[in-house]
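Work through the exercises below with the sequence and the model at hand. Each task is followed by a solution in steps.

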Amino acid sequence: MKEELNEPQAQHGFAPKEKEDELEAKDKRVSLDEYLEMIADGERRLEYHNGQVIDIQSATRAHGRICTNLTSLIDAYLLEKDCDVYAGDRELWVEKCKKMFYPDLVVVCGGEKVKQMSKNVEATINPSVVIEVLSDSTEMFDLTTKLKCYKTMKSLKQIIFVAQTDKYIRVLERDDEKDRLWHDMEYFEDDENIPIGDCNISLKDIYRRVEFNNQPERATEV
């Protein structure tokens, strides 16, 4: 702060040119149409947060292994069910929040409903289960803003958060009778079974071959 006050521009109430550029980039907002053009080719995972675009990248080995385990385990349970599981590549549009998310896993049961966002982009609007593998850079956002948005989706029955730094899983499940009531459960023992939709999957299997020594993931603004 003292260094900034010693600069001539700051003394007259103006930030240095470098600071102006930094602030301008930080405050940059894009329209939904601009965002849809950015993801039309399907090459980048970009989340849309009501005008702000976040680039989801640099997954750790632990993150990748957990997602692989969950996908194979859930898919095996769903072979005879009218359900589909998507791993990290399915856009989810939350109408009330005007946000586009890429959950690590999405389970859709009873027939998928989509919203045609543009000519080349469609998004799921009726998930049954969403699963997020937490990272240092996104954990606070996932457990606050994103969680609140997910709860506005009427089709959603479960929201599941999976830690990648230790064995810990949090399951929020919507009450069958009281729509706005969510039951919050935590699991951290190897012999515990995690209810995911109609599946019961052991915590030990979810963390199979996971090493808790990776560098933290990064999520950066575009």
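**Exercise 1.** Find the partner of Cys 83 in a disulfide, and state how far apart the sulfur atoms are.

Solution. Step 1: a disulfide here is a pair of cysteine sulfur atoms within 2.5 Å. Cys 83 forms one with Cys 109, and their sulfur atoms are 2.0 Å apart. The link is right-handed, with 110° about the S-S bond.

Step 1: Cys 83 belongs to strand S3 (residues 83-87) and Cys 109 to strand S6 (residues 105-109), so the bond ties together parts that are 26 residues apart in sequence. Strands (E, at least two residues) and helices (H or I, at least four) are DSSP runs, numbered from the N terminus.

Step 2: buried means under 20% relative accessible area, exposed means over 50%, and partly exposed lies in between (1.4 Å probe, protein chains only). Cys 83 is buried at 13% relative accessibility, while Cys 109 is partly exposed at 31%.

A note on the source: this is a predicted model, in which local features need pLDDT of at least 70 and side-chain atom pairs count only at pLDDT 80 or more, while totals for chains, interfaces and linings use all residues. Residues are numbered from 1 along each chain as its sequence is written, and side-chain values use heavy atoms, with hydrogens and water left out.

**Exercise 2.** How many disulfides does the structure hold, and which pattern do they follow?

Solution. Step 1: there are 2 disulfides. Besides the link of Cys 83 and Cys 109, Cys 97 is joined to Cys 149, S to S 2.3 Å. This link of Cys 97 and Cys 149 is left-handed, with -115° about the S-S bond.

Step 1: Cys 97 sits in the loop between strand S4 (92-94) and strand S5 (99-101), and Cys 149 in helix H6 (residues 139-151), so the pair connects parts that are 52 residues apart in sequence. Cys 97 is buried at 18% relative accessibility, and Cys 149 is buried at 3%.

Step 2: counting bonded cysteines along the chain gives the pattern 1-3, 2-4.

**Exercise 3.** Which strands pair with S6, and in what sense?

Solution. Step 1: two strands pair if DSSP finds at least two bridges between them. S3 and S6 pair in the antiparallel sense over 5 bridges, with Val 85 opposite Val 107 in S6.

Step 1: S6 also runs antiparallel to strand S9 (residues 129-133), joined by 3 bridges. There the bridge partner of Val 107 is Val 129 in S9.

Step 2: in S6, 4 of the 5 residues are buried, so the strand is largely enclosed by the rest of the structure.

**Exercise 4.** Sort residues of helix H4 (residues 32-39): which are buried, and which are exposed?

Solution. Step 1: Tyr 35, Leu 36 and Ile 39 are buried. Viewed down the axis of H4, the buried residues fall within an arc of 100° (taken from the directions from the helix axis to the C-beta atoms), so they line one face of the helix.

Step 1: on the other side of H4, Asp 33 and Glu 37 are exposed.
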